[in-house]
Amino acid sequence: MSVNELPKKFEEFGEARRLGFLKAKEHKDKGGRLAGIFCTFTPLEIFDAAGIVPVSLCGTSEETIPDAEVNLPKNLCPLIKSSYGFAVSDKCPYTYFSDIIVGETTCDGKKKMYELLSELKDTYILHLPQGIDRPYVLDMWESEIRLLKEKFEKKFGITITDDDVRAACVKRNKERLLKVKMFELSKSIPPKNYYKGIHKVVDSLNFTFDLDETMKNIKKMHDDIEENYKINGSPVKLTDKRIMISGCPISGVADKTIGVVEDNGGVVVVMDSCSGIKPARNLVDVEAPNIYRAIAERYIKIGCAVMTPNENRMTMIKELVDEYKVEGIIDVVLQSCHPFSVERYQVKKLSEDLGVPYMSIETDYSTSDVGQLTTRIQAFIEML
Ligand code: SF4
Ligand code: SF4
């Protein structure tokens with residue numbers, strides 16, 4: 001493989017995201033079911049068992065924010081505004097093709113936005129516990145997952161058996177393991193590739209609409225990077241500083257976070273967020289007698305700032321710093337995101353305890369702060 005082939009392949013994945021709507025249409029034309037989702041807490045195994053393809057409706061562009069601000073306050077996180085803007089302005093083919101939207105009671109802005117979305121589409125909300133330190137939490141979350149299954153059965157006139165759900169768990173576990181294996185290419189010194197390419201792949205997977213094809217793509221990308229590494233060595237310089245990006249989902253700000261780091265003497269080795277390794281990190285115990293309980297146990301471990309307290313995120317950061325030999329943490333907070341904004345205090349304190357330099361940035365989907373962010377990130381990396 002020549003040195004220049006890999007970037008071309010990453011670009012093709014970027015295209016796949018844009019062209020995904022053709023696949024969505026094809027899927028619908030064949031009578032397929034589609035559901036819009038927004039969050040890592042969404043129990044995907046229930047969708048798979050029901051034969052429903054989940055597609056993320058999280059907005060990543062500022063284009064539709066003015067449409068959203070007709071009904072939503074300005075001082076709301078850009079992810080929420082962008083997502084709602086796409087739906088209300090009919091600019092999102094995935095919302096259009098969705099038979100149902102499934103959300104969770106996560107942050108206040110998102111859960112209230114779902115009420116507005118329900119005027120446009122059948123919208124179903126799972127009630128997520130607010131923390132994991134109460135004895136009833138697993139009972140509650142398990143019954144919410146069972147209620148979702150019943151909702152699907154009623155809406156689509158289908159029966160979902162425990163065997164269907166268990167088989168779906170086995171497959172999702174496989175997908176997660178493949179993803180983790182791809183992320184682990186960054187464990188080596190230097191990493192086997194820059195993260196911006198890997199991010200493009202991960203971001204596009206959501207728009208494949210076929211889990212088998214998704215898994216094939218992840219494996220292929222992993223193998224291509226390995227092969228390129230064996231033949232050409234790593235494109236990453238040994239002197240590049242190893243950065244962890246933490247915090248909010250960053251697909252809408254990838255260029256001014258990952259891109260700026262990697263253009264200025266750094267390399268992102270891991271992202272703890274929902275745009276990175278977090279959704280792939282835990283598996284469902286497929287041998288458990290009660291498969292719904294096992295799903296509940298797997299998802300409730302997600303270390304999101306909407307949980308209080310959120311010890312699981314701190315534990316994960318500690319583990320990732322060690323596993324990926326992180327030299328600096330950049331905590332990215334989307335404007336007006338209260339959960340992640342307040343939690344910066346704990347992450348900063350943890351970074352100090354770990355002896356890893358920390359910086360936090362607050363940003364939105366506009367390009368107006370690119371210059372200022374670049375200056376700050378450059379200074380941070382130079383200081384490492
Ligand atoms: S950051 Fe939290 S609320 Fe947002 S998608 Fe991830 S798990 Fe869901
Ligand atoms: S980034 Fe923060 S405010 Fe925005 S949807 Fe996620 S948790 Fe909510």
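**Close-up 1. The buried residues of helix H6 in this predicted model.** Helix H6 covers residues 108-117, and its buried residues are Gly109, Lys110, Met113, Tyr114 and Leu117. Look down the H6 axis and these buried residues fall within an arc of 140°, so they line one face of the helix. Here's the bit of helix geometry to keep in mind: an α-helix has 3.6 residues a turn, so residues three or four places apart point the same way. As for what sits over the buried residues of H6, the cover includes helix H4 (78-88), along with strands S3 (100-104) and S4 (123-126).

**Close-up 2. Helix H11 crossing helix H15.** H11 runs over residues 255-263 and H15 over residues 370-383; their axes come within 10 Å and cross at roughly 40°. The crossing of the two, H11 and H15, is right-handed. On the H11 side, the contact is made by Lys256, Val260 and Val261, while H15 brings in Val370, Leu373, Thr374 and Ile377. Sort the H11–H15 contact by class and you get 5 nonpolar, 1 polar and 1 charged residues.

**Close-up 3. Lys325 in its loop.** Zoom in on the loop between helix H13 (311-323) and strand S7 (328-334) and you'll find Lys325 there. Lys325 has 15 other C-beta atoms within 10 Å, which makes this residue partly exposed. Leaving out residues up to four places away in sequence, Lys325 touches Ile189 and Arg242.

How values were computed: Residues are numbered from 1 along each chain as its sequence is written. Chains are lettered from A and ligands numbered from 1 in the order in which they are written. This is a predicted model: local features need pLDDT of at least 70, side-chain atom pairs count only at pLDDT 80 or more; totals for chains, interfaces and linings use all residues. Axes are lines fitted to C-alpha atoms, for helices over the stretch in contact, and angles run from 0 to 180 degrees between N-to-C directions. Helices (H or I, at least four residues) and strands (E, at least two) are DSSP runs, numbered from the N terminus. A crossing is left-handed if the near helix is turned anticlockwise from the far one by less than a right angle, and right-handed if clockwise. Two residues are in contact if their C-beta atoms, placed from the backbone, lie within 7 Å. Ala, Val, Leu, Ile, Met, Phe, Trp, Tyr, Cys and Pro count as nonpolar, Asp, Glu, Lys and Arg as charged, and the others, Gly among them, as polar. A residue is buried if 20 or more other C-beta atoms lie within 10 Å of its own, exposed if 12 or fewer, and partly exposed in between; C-beta atoms are placed from the backbone. The arc is that of the directions from the helix axis to the C-beta atoms.
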